[in-house]
Amino acid sequence: AAASFSGIVHTRLSSQVSQNYLGLLRSEGADPEALWGDPAKDAQTWADHNPYDLAANLQGTPVYLSVGDGQVGPLDPPGARPDSLEARLNAENVAFRERLAEFGVEATADFYGPGTHTWPYWERALHQAWPMLSAALAGG
């Protein structure tokens, strides 16, 4: 089984998405091209590491996807602000779910609407995904 909680599942959704990931690496003090190179010049390397492009490999594997839309939700503290990262991840997950369906991959998608890129949402999703994950770990 495989599960993703607000996960990065399509690094090549658009050139802007790819550039955002390079910017994230740069902001952490890393050489952004040391990971997979330039997204345009090294497109095959990026594809070789992109869940969306590898979706066919998940045939026969139960998958659980969970993501919010970046709006302040019920598990956010008072005063929380909308979260553009979660909104971007939502778009990736929608595209990924559609790609999984193209290959007949069984995917449970919890696109729960309002919610930010924070632990309370991931914890809730883990509890919801646990029956599927534990069944897979038990071999059933």
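Contact here means heavy atoms within 4.5 Å. The model is predicted: local features need pLDDT of at least 70, side-chain atom pairs count only at pLDDT 80 or more, and totals for chains, interfaces and linings use all residues. Residues are numbered from 1 along each chain as its sequence is written, and side-chain values use heavy atoms, with hydrogens and water left out.

Start at A55. Setting aside neighbours within four places in sequence, A55 is in contact with F96, R99, L100, F103 and V105. A55 also belongs to the largest nonpolar core. Such a core is a set of buried Ala, Val, Leu, Ile, Met, Phe, Trp, Tyr and Cys residues joined through side-chain atoms within 4.5 Å. Buried means under 20% relative accessible area, exposed means over 50%, and partly exposed lies in between (1.4 Å probe, protein chains only). The core has 9 residues: V9, Y52, A55, V63, L65, A95, F96, L100 and V105. The largest share, 3 residues, comes from α4. Helices (H or I, at least four residues) and strands (E, at least two) are DSSP runs, numbered from the N terminus. A second, separate core of 5 residues includes Y64, A129, M132 and L133.

Now follow α4 itself. Its 19 residues should span 27 Å at 1.5 Å a residue, and its end C-alpha atoms are 28 Å apart, which agrees. The expected span is 1.5 Å times one less than the number of residues. Which residues of α4 are buried? They are E86, L89, N90, E92, N93, A95, F96, R99 and L100. An α-helix has 3.6 residues a turn, so residues three or four places apart point the same way. The buried residues of α4 pack against β1 (2-5), α1 (15-27), β2 and β3 (107-111). E98 is also found in α4, but E98 counts as exposed because its relative accessibility is 52%. E98 and Y52 are 46 residues apart in sequence, yet 9.5 Å apart in space, C-alpha to C-alpha.

Next comes the loop between α4 and β3, where V105 sits. V105 counts as buried because its relative accessibility is 7%. Beyond its neighbours within four places in sequence, V105 is in contact with A55, L58, Q59, T61, V63 and L100. V105 and T61 are 44 residues apart in sequence and 6.9 Å apart in space, C-alpha to C-alpha.

Turn to S66, in strand β2. Is S66 buried or exposed? S66 is buried, since its relative accessible area is 1%. Apart from neighbours within four places in sequence, S66 is in contact with S4, F5, S6, D110, Y112 and A125.

S6 lies in the loop between β1 and α1. S6 counts as buried, at 4% relative accessibility. Most residues other than glycine have a negative phi. S6 has a positive phi of about 55°, although it is not a glycine.

Finish on the surface. L126, W130 and L137 form a nonpolar patch there, with about 330 Å² of accessible area together. Patches are made of residues with over 30% relative accessible area and no salt bridge; like charges are joined within 9 Å, nonpolar side chains (Val, Leu, Ile, Met, Phe, Trp, Tyr) within 5 Å. A salt bridge is a side-chain nitrogen of Lys or Arg within 4 Å of a carboxyl oxygen of Asp or Glu. Accessible areas come from the Shrake-Rupley method with a 1.4 Å probe; for residues, only the protein chains shown count as cover. L137 is in helix α5 (residues 119-137), and L137 is exposed, at 69% relative accessible area.
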